[in-house]
Amino acid sequence: MATRFAVIHLGNKAFQVKEYDRAIDLFSQAIAIDASNHVLYSNRSAARAGKKLYKEALDDAEKCVSINPTWGKGYARKGAALHGLRKYDEAIAAYEEGIRHEDSPALRKGLQEVKDAKANDGGELGFTQYFRDPNLLGKLATNPRTQKHLADPAFVQKIQLLQQNPNLVNSLMSGDPRMIDVLGVAMGIDMQGFSRPEGSNEVPPGFQPQSPSSASNPPPQPSSPPRPSASTSKPTPKPEPAPAPEPPAEDVEMTEEEQEEAKAKAEALELKAKGAALYKGKQLDEAAECFSKAWELYPKDVTFLTNLAAAYYEKGDYDKCIETCETAVEEGRSLRADFKLLAKALGRAGSAYHQKGDLASAKKYFQKSLSEHRDAAILTKLQSTEREIAEAERRAYIDPAKSAVAREEGNAAFKGGDFADAVKLYTESIKRDPSDARGYNNRAAAYMKLMALPEALKDAEEAIKVDPTFGKSTPVHGFKAYIRKANILHSMREYTKALDVLEEATTVDTAHAHTSEIRSQELKTQQALYSQRAGETEEQTLERAMRDPEVAKIMTDPVMQQILQQAQGNPAALQDHMKSPIIREKIMKLINAGIIKTR
């Protein structure tokens, strides 16, 4: 019994030469072997559509889609079958569903063809679509029956008019028998075969035509009919004609060349199976040898090469892996291999380049792979490689000396009042040395001058994030990041958050070198906060404060509830509790929110 691979190969060859009956039979055999393979139903659907068996083609297409609902080609087969059945709306729906799963030029082309057919299928006879063929005149010129008609310029003009406006088919066809021939060529059928010409000697199969002599001279009749016998009451029945002998069954044998090819393929597939087992067992040298021999025996299946490349990749021989993948792509194109196999080979070459550290080539081959077939794993590898390339370029750009020069130029622009240019120069300084918090801090100041407060806030936060101790090691410049962030929040009328930042600054300023500056800023912010909340009732204060998730969490904390109840009877006890840094932070949060009032 032939293997599934051999049957599929023969079915594909039969389909390519338009031997649709044989292709249908071979794909049916393959389905009997593997009924869960959606590709086989797709192939048989295409062959049946080639035979104009659109109902059967639709059945196969629907089976294909039910097995693999995410495969775009299955919807293309379904759309083509429905197109053939002239169920245009259903065909459009099938193509659109396929595009939602896998956008491809083939699906879009099929969708447009159905839409065009639906738009043009308006003639009473339904023949308008056949006259839209741009090659119609060429077909008529090469057909012996219609070739002579083109000698009449008026007739040619009529054909051209029909091509421009096929809806005139009814009026132009009436009264001109030559148009029947044209319609037959356009439809690809012999319209003359529907009638038997007058005087024709053609007779149905199985009957012998009479010779002219026998037709003109009837057989002589006896002079007097024989008298029936007295004992005969019924006429003698005529003997039934002997059945025609059945033709002998045709013995179809493979040629010697086909037998050799089938044998080589079978041996190659056995080597492939053996190589796969060795590959799983990490016997990579032996596996590579099996895959290589399989390709030598049967150089028509590129999976042998892709498997060989996988073995080289696992061995760490990336150069051989890349070379084998490129051979697989080259051979696969000449063999018209499945585009997914080509994408797999290109993706593996990209992975090999990535392992070699050649990120640019890896990106190139990942992109080539995705152009053949969009695979999620390859897309992830491409995105990761692009991030690595960007990070490598960022690191290569770092130069602290040039960063300092750009920062000084930014300071000069800032002092000159050109804040937009200062932002540009500080940005260059940050790119040259992202670990220096001064670039972010200075750019935050420039953004504040431009009233770009959200951007200024991000830079102040980044300066603190890059160097949380910014202020201990660089007392002149460092502490400005905290003060600047508080000023930005104050400008944004986020007074509570500004006080939180100042509280954080107090924690960082362990040497108390900036105590007066912090207190001055706190006083300024608290005054603004009191002005904002002037006339607010206790209920309104509590309602506003509880909208802050942090405040709400503190207020529902059992420990804090106990501390607050104790403070109502003994306010001095609150000072004792504030010796704990954690409790102090929570109490200051409540003070800033206005829940705890100080006098």
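Colleague: In which sense, left-handed or right-handed, does α15 pass α16?

Modeller: In this predicted model, the crossing of α15 over α16 is left-handed. The term applies when the near helix is turned anticlockwise from the far one by less than a right angle.

Colleague: Why are α15 and α16 called roughly antiparallel?

Modeller: Helix α15 (residues 284-297) and helix α16 (residues 303-315) pack at an angle of about 160 degrees, and their axes lie 9 Å apart. Angles over 145 degrees count as roughly antiparallel, and α15 and α16 therefore receive that description.

Colleague: What makes the contact between α15 and α16, and how do its residues divide by class?

Modeller: From α15 come Leu284, Asp285, Ala288, Phe291, Ser292, Ala294 and Trp295. The α16 side includes Phe304, Leu305, Leu308, Ala311 and Tyr312. By class, this contact of α15 with α16 has 10 nonpolar, 2 polar and 3 charged residues.

Colleague: Why are α2 and α3 also called roughly antiparallel?

Modeller: The axes of helix α2 (residues 20-33) and helix α3 (residues 38-50) come within 9 Å and cross at roughly 160 degrees. With the limit set at over 145 degrees, α2 and α3 are therefore roughly antiparallel to each other. The crossing in which α2 passes α3 is left-handed.

Colleague: Which residues make the contact of α2 with α3?

Modeller: Helix α2 contributes Tyr20, Ala23, Ile24, Phe27, Ser28, Ala30 and Ile31. Among the α3 residues are Leu40, Tyr41, Arg44, Ala47 and Arg48. The contact of α2 with α3 comprises 9 nonpolar, 3 polar and 2 charged residues.

Colleague: How do you know whether arginine 44 is buried or exposed?

Modeller: Arginine 44, which is placed in helix α3, has a relative accessible area of 12%. Buried means under 20%, so arginine 44 is buried.

Colleague: What makes the pairing of arginine 44 with aspartate 60 a polar contact?

Modeller: The side chains of arginine 44 and aspartate 60 make this contact at 2.8 Å, and the cut-off for a pair of N or O atoms is within 3.5 Å. Neighbours within four places in sequence aside, arginine 44 is also in contact with Ile24, Phe27, Ser28 and Ile31.

Colleague: How many helices and strands does the protein chain have, and what share of its residues counts as buried?

Modeller: The protein chain has 32 helices and 0 strands. Of its 599 residues, 37% count as buried.

Key:
Residues are numbered from 1 along each chain as its sequence is written. This is a predicted model: local features need pLDDT of at least 70, side-chain atom pairs count only at pLDDT 80 or more; totals for chains, interfaces and linings use all residues. Side-chain values use heavy atoms; hydrogens and water are left out. Axes are lines fitted to C-alpha atoms, for helices over the stretch in contact, and angles run from 0 to 180 degrees between N-to-C directions. Helices (H or I, at least four residues) and strands (E, at least two) are DSSP runs, numbered from the N terminus. Angles under 35 degrees count as roughly parallel, over 145 as roughly antiparallel, 65 to 115 as roughly perpendicular and the rest as oblique. Contact means heavy atoms within 4.5 Å. Ala, Val, Leu, Ile, Met, Phe, Trp, Tyr, Cys and Pro count as nonpolar, Asp, Glu, Lys and Arg as charged, and the others, Gly among them, as polar. Buried means under 20% relative accessible area, exposed over 50%, partly exposed in between (1.4 Å probe, protein chains only). A polar contact is a pair of N or O atoms within 3.5 Å; within protein, one must be able to donate a hydrogen and the other to accept it, and residues adjacent in sequence count only if both atoms are side-chain atoms.
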